[in-house]
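Here are a few notes to read alongside the model. Have it open as you go through the points.

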Amino acid sequence: RLITNYIKNYLLSHDLTQKHWQTAFKEIFLSFLKNLILNQNEEEVVEFIKNYLLVGFQGFVMTPKTTTLFSCGDAVNLVNEKLTLLKGVKRSKFLVRELLIDDKVSIAWRELETQSIDRLVIATNGINYLLDNAPSLEDIISEFVHHKTFYKSSVALQKFLQKEQQKGILRDDTSIIMLISR
C-alpha cells in the first residue's frame, strides 16, 4: 500500500497528457524510498525494507491519445491478444536495490495509442504460476480476452483467482486489473 499510494499520488499531481511526467518519476521515487529508509531506527532498517520495500510494481496511465504501461520487477500484461511477460534477470529487480547495493534498476515503459486498445490486462508476477500451469498461452489469452464475466464482475475474477489458489496453482499474491475500452 505504501508504494501504491506513492505512485497514485505522483500520478495525480502531474499533468499526464505531457510526456515529461515520466522523466523525473524514477529519481523522485528513489528519493521517497531513501527518506523512508533514513527515518527508520538503525536496528529496524533491514526488517522494514524486507517487509515494505521489496516490491515490484506495474501500472498504466490512459489518456485520450496515449496509454503508457510501466513496470519494475516481474509483471505480465496483455494488450488485446498480445501477452507480454516482463521478467527480471535471475531474480526480481526491486527499485530499492539501487539504494542498497548500487544496482541499476530500470523501469520499463511502453507507449501505445489509446485508440488501438480494445482490452488491457495487467497482472503482478503471481500470475506466472497460472501461466506455467496452463495447457498453453493461447488458453490463458483466451481466458482473459474473451471471458466476458471477468469484465462485468470483479467478483467473478476474484472467485477464479481463489479457485486457482485453492488448487495450489497460485502460490504468490496476485493482483489483476482488467479493462475493456469498447
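1. Helix 3 buries Val45, Phe48, Ile49 and Leu53 (buried is under 20% relative accessible area, exposed over 50%, partly exposed in between, with a 1.4 Å probe and protein chains only). Looking down the axis of helix 3, these residues fall within an arc of 100°, so they line one face (the arc is that of the directions from the helix axis to the C-beta atoms). Their cover includes helix 1 (2-12), helix 2 and helix 4 (97-101).

2. A word on ground rules: this is a predicted model, where local features need pLDDT of at least 70, side-chain atom pairs count only at pLDDT 80 or more, and totals for chains, interfaces and linings use all residues. Residues are numbered from 1 along each chain as its sequence is written, and side-chain values use heavy atoms, with hydrogens and water left out. Helices are DSSP runs (H or I, at least four residues), numbered from the N terminus.

3. Helix 2 (residues 25-38) packs on helix 3 (residues 45-53) at about 140°, axes 10 Å apart. That makes the pair oblique (under 35 degrees is roughly parallel, over 145 roughly antiparallel, 65 to 115 roughly perpendicular, the rest oblique). Leu33, Leu36 and Ile37 of helix 2 meet Val45, Phe48, Ile49 and Leu53 of helix 3 (contact means heavy atoms within 4.5 Å).

4. On helix 8 (residues 154-166), Ala156, Leu157, Phe160, Leu161 and Glu164 are buried. They cover an arc of only 135°, which puts them on the same side of helix 8. Ser154, Lys159 and Gln166 are exposed on the face turned away. Just after helix 8, Gly168 has a positive phi of about 85°.

Definitions and conventions:
Axes are lines fitted to C-alpha atoms, for helices over the stretch in contact, and angles run from 0 to 180 degrees between N-to-C directions. Helices (H or I, at least four residues) and strands (E, at least two) are DSSP runs, numbered from the N terminus. The expected span of a helix is 1.5 Å times one less than its number of residues.
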